[in-house]
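Please examine the structure shown below. The paragraphs that follow lead through two of its sites.

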Amino acid sequence: MLKIKRELINQIADQGEKGYPYEICGFILGKIDYENNIREALEVYQVENQNKERANDRFEIDPKDYLKVEEYADSKGLQIIGIYHTHPDHPDRPSQTDLMFAQPDMSYIIMSINKGKAGDWRSWELVGEKFEQEEVNQID
Ligand SMILES: [Zn+2]
């Protein structure tokens with residue numbers, strides 16, 4: 001389960017609208033309770049989408065950004081608990097490419113941006129070799 005503040009969702013929505021018609025992406029930082037499988041989101045950290053050719057339907061994260069964010073998270077006593085990205089004019093369901101790069105024990109938030117306006121979003125987690133919708137506890 002993912003616990004996330006409304007404020008963080010608003011930040012993703014804002015970034016997604018600004019980045020439209022391209023996909024934007026970033027990291028979700030927070031804490032993981034492995035025993036109860038609860039990830040608590042405390043910050044979002046946008047990074048550049050490295051896929052320039054197909055930025056409207058693909059995203060790629062530079063390994064350097066990965067390291068940078070990991071260091072930042074460490075310095076604040078947080079962990080990378082997930083990755084978020086937007087789907088401009090597409091539903092908030094993961095694509096085949098999303099599945100290919102997915103890792104276990106992470107939350108994948110996908111937000112649909114319709115004609116420039118933030119729409120539905122869901123969080124997904126890898127269960128076996130498939131994505132399943134993750135339960136979300138949105139807090140104020
Ligand atoms: Zn995607």
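Glu134 lies in the loop that joins strand E7 (130-133) to strand E8 (136-139), strands being DSSP runs of at least two residues and helices (H or I) runs of at least four, both numbered from the N terminus. Glu134 is buried because its relative accessibility is 3%, where buried means under 20% relative accessible area, exposed over 50% and partly exposed in between, with a 1.4 Å probe and protein chains only.

The model is predicted: local features need pLDDT of at least 70 and side-chain atom pairs pLDDT 80 or more, whereas totals for chains, interfaces and linings use all residues. Residues are numbered from 1 along each chain as its sequence is written, and side-chain values use heavy atoms, without hydrogens and water.

Beyond its neighbours within four places in sequence, Glu134 is in contact (heavy atoms within 4.5 Å) with Met1, Leu2, Arg39, Ser107, Ser123, Trp124 and Glu125. Between Glu134 and Ser123, eleven residues apart in sequence, the C-alpha to C-alpha distance is 5.3 Å.

The zinc ion has as protein donors His85 (NE2), His87 (NE2), Asp98 (OD) and Asp98 (OD), at 2.0 to 2.6 Å; donors are N, O and S atoms within 2.8 Å of the metal (3.2 Å for Na, K and Ca), and sites may look incomplete because water is not among the atoms. Along the chain, the donors follow the spacing H-x1-H-x10-D. His87 belongs to strand E4 (residues 79-88) and Asp98, eleven residues apart from it, to helix H3 (residues 96-100), a pair linking distant parts of the chain. Both are buried, His87 with a relative accessible area of 7% and Asp98 with 10%.
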